[in-house]
Structures are given as structure tokens and as C-alpha cells.
Amino acid sequence: MRLRTDLDGIPAYRQGRSAPSGAGDVLKVSSNESPYPPLPSALDAVAEQARQANRYPDSSVSALSSALAERLSVPDDRLVFGAGSTESISQLIRALAGPGDEVVYPWRSFEAYPMLIAAAGATPVGVPLTPDHRHDLAAMTAAVTPATRLLVVCTPNNPTGTTVSRDEFRDLMAAVPDDVVVLLDEAYRHFDIEDDRLDGAEEFHRYPNLVIARTFSKAYGLAGLRVGFAIAPTTVANAMRKMAVPFGVTNLAQAAALAALNARRELEERVGALVAERRRVEEALHRQGWRLPASQANFLWFALGEATESAAAVFERHGLIVRSYPGEGLRITIAEPRACDRLIETAQALADAGLDNALRSGAVVAPD
Ligand SMILES: *Cc1c(COP(=O)(O)O)cnc(C)c1O
């Protein structure tokens, strides 16, 4: 057997750890999932579709596609679906880039970017975040070369929660050559409540080289069903469809996503409650002396550097499984109030132990 030799350099995806079985009362806040179970309407839709699971799904995703096209005011041929927006991003990368091509992306950011770029045979060009954990847009623009096919923007950024404002984004689009596609990954957009927040669906009409990625996994709470989509210009959308796994989005996922999309009021309530929890936790942590980057997502970033792994162990002793990036920091999901209470308690214990000093060493800019 002869495997592709370039695969050796690609790390495997690391999923946020689950609570070990028999661990007792341990809460998983390591994957930015919604703490809410699917709405009854989504569960009914899944049950209904399950009865016809002997049939292949609708490969054109027609009902969900029409509903989204209307909601977003885009023609439905610009929508391309995937098994989660991770698949949409994979389709886009493979449609645009192969050996010899470069893809520019922010780093630290979504762990899948460098993997998917390398899996396509293209060259990942990661551009470090600024010291205050934001995209370094000037450095990203400067990293564009004639070999660049795609530039990725993730806002709010996973795992730091920081955003790219509308004006910053428009300046970036003006600086990037028209033949380079820009991907705007908006997985966490519902949690962004800033006045100058970007809305990719609006920006889409302004630029011929812009692709938006969105998911039903986070605010809509359907991570286990795998459905996401991209909004892309016609030529790019058609190329992405060629890269899609046939029948990759099940009828269960399509029907649940449509039900979730139609439950606007419930979505707003759930997002509102999580944003309120985020504010409560941020205020408590601020009183404890922590200086974290202000988050517009459903998670917080603790840039603990060398103290990361010992802090992760302390969180675990307090019944929270967090996402650890050894040597860099911890990402902790804002979940149910009980999980947030534990987060606040543990943060106090860490502050008492002086671990928050890592954040006071000047590496982090205070939110105020
Ligand atoms: C979670 C996430 C996605 C999408 O996840 P799917 O479950 O594949 O839809 C995309 N981008 C970022 C940055 C994410 O954190």
C-alpha cells in the first residue's frame, strides 16, 4: 500500500473531551455545544423522518434551502449544504486549493482549518493573532501572495471570542485582491451583540469573492445532527457541490434544521439567556481580578500559557471538563447556570492560587 506521504504532517482532529463514564457529576464545557436539548418541534421532525430512514435524503436540501434563501435574502442556488459547516469549509478549500496553493488563516483559531487545508494538499499559512487575541488583519493581508487562493476570517474567533468589526472587515476586503476568495466563518454569530457586528449575509451582496459559512451546531443546538451551509457566489457554489459527499446531509438533519429555523422566538430566548450568563460570568471573573479578552461567543478564553494544564486539572476537580490548548490557554463554554457557577468558583480558586497572574503579565489587554 502506498499512502499519500504528505498526510504524515496532518494532525488528527482533537474533540473536546467528554466526561469519563462513572465520573459522577461532571459537566462537559469543552466543545461549545448548546446546553439546551433540541426543541420539541425539531424532535418531532426527526422522529417523522426516522420512519423513512430506508430512503436516501433529498440531496438538494430543497425545503431548508428555500426557507434559508428567503430568510437571508439570497437566491437559493447560492446555498451549499454540508454535514456541519466544517464540511462546507472543507468543500470550499478543496474547490479552491490544491498542491502549490496557499490558504491564509488566523491562528490560534478553529483547529480544523490547518487540517483541512493540508488534507487538500495545499499549504496552510497561519497568521498569529495580535497580543490582544484578535485577528492581525494587516499581517493577514501581507501574507497574501500570488499563490493564495483563500483567506479565512473567523468572527467571533474560536477559541478567543474576539471579533472583527464591520469596518475592519470592509477594509480587509478592500485590501485583498479580487481573485482571492475570503471565507467568513460565522459559527458563533448569534452570540455577538456588538453594535458594529458583521452580518455576512449582508456583506455577501457587496463582494463577488466572499463566502459565508454558518452552522446549526451552536446557537441552534443541533451539533449531533451535522448540518451547516455556505453562502457562495454561483461559480464557487457549483464547484463546492462537486466536492460534497453525496447525500451527506440526512433528512433528519434537514428537517430538524428547518424546525429550528422556524422557532425564532425560542432561539432568541436561548441565545439571550446564554449571553446573560456570559455577562454574569465575565463580571464575576472581573471582580476576582481576571482580565480576559471580551467574548462575543458562547465561551471564554483563559490565556494561561504554561499554567494551562494545571488549571485544566483544577477545573476538572471542580467538575468541569474544559478544552485545553497546552502552553496556550483554556477555552470554556458558557453553558447551563450550574456549569457557570462552577466556572466562577473554580476561577476564584485559581485566582487565590495566583494563577490569574499569568493574565496580568501584560500579555492580555483588559476589557475596560
Ligand atoms: C463549531 C464550529 C464550526 C462548525 O461546526 P459544525 O458542527 O461542523 O457545523 C465552524 N467553525 C468554527 C469556528 C466552529 O467553532
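Before anything else, the model is predicted.

I will start with the ligand. There are 13 residues around it, and those that come nearest are Thr 86, Tyr 188, Thr 215, Ser 217 and Lys 218. Sorted by class, the shell consists of four nonpolar, six polar and three charged residues.

Which side chains place an N or O atom at 2.6 Å from an oxygen atom of the ligand? Tyr 188 is one of them, with an N or O atom of its side chain 2.6 Å from a ligand oxygen. Ser 217 is another, and its side chain also has an N or O atom 2.6 Å from an oxygen atom of the ligand. For Asn 158, the distance from a side-chain N or O atom to a ligand oxygen is 2.8 Å. How much of the ligand's accessible area does the protein cover? On its own the ligand has 380 Å² of accessible area, and the protein covers 94% of that. As for location, the ligand sits in the second largest pocket.

Next, the charged pairs. In general, side chains of opposite charge can pair when their charged atoms come close. How many salt bridges does the structure hold? The count is 20. I will show one of them, between the side chains of Arg 134 and Glu 168, at 2.9 Å from N to O.

Now the backbone. The loop between strand S5 (148-154) and H6 contains Pro 156, and the peptide bond leading from Thr 155 to Pro 156 is cis, with omega near -10°. Pro 159 is also in the loop between S5 and H6. The peptide bond from Asn 158 to Pro 159 is cis, with omega near 15°. Asn 158 has come up already, through its side-chain atom 2.8 Å from a ligand oxygen.

The last item is Arg 226. It is not a glycine, yet its phi is positive, at about 65°. Where does Arg 226 lie? Its place is the loop between strand S7 (210-215) and strand S8 (228-231).

That is the end of the talk.

How values were computed: Residues numbered from 1 in each chain as written. Predicted model: local features only at pLDDT ≥ 70, side-chain atom pairs only at ≥ 80, totals over all residues. Heavy atoms only, no water. Near = heavy atom within 4 Å. Polar contact = N/O pair within 3.5 Å; in protein donor to acceptor, adjacent residues only side chain to side chain. Areas by Shrake-Rupley, 256 points an atom, 1.4 Å probe, with all protein chains shown as cover. 1 Å grid on protein atoms, 1.4 Å probe; cavity = no way out; pocket = protein on both sides within 12 Å on 5 of 7 lines; lining within 4 Å. Sits in = over half its atoms within 2 Å of the grid points. Nonpolar A, V, L, I, M, F, W, Y, C, P; charged D, E, K, R; others polar. Salt bridge = Lys/Arg side-chain N within 4 Å of Asp/Glu carboxyl O. Helix = DSSP H or I, 4+ residues; strand = E, 2+ residues; numbered from the N terminus.
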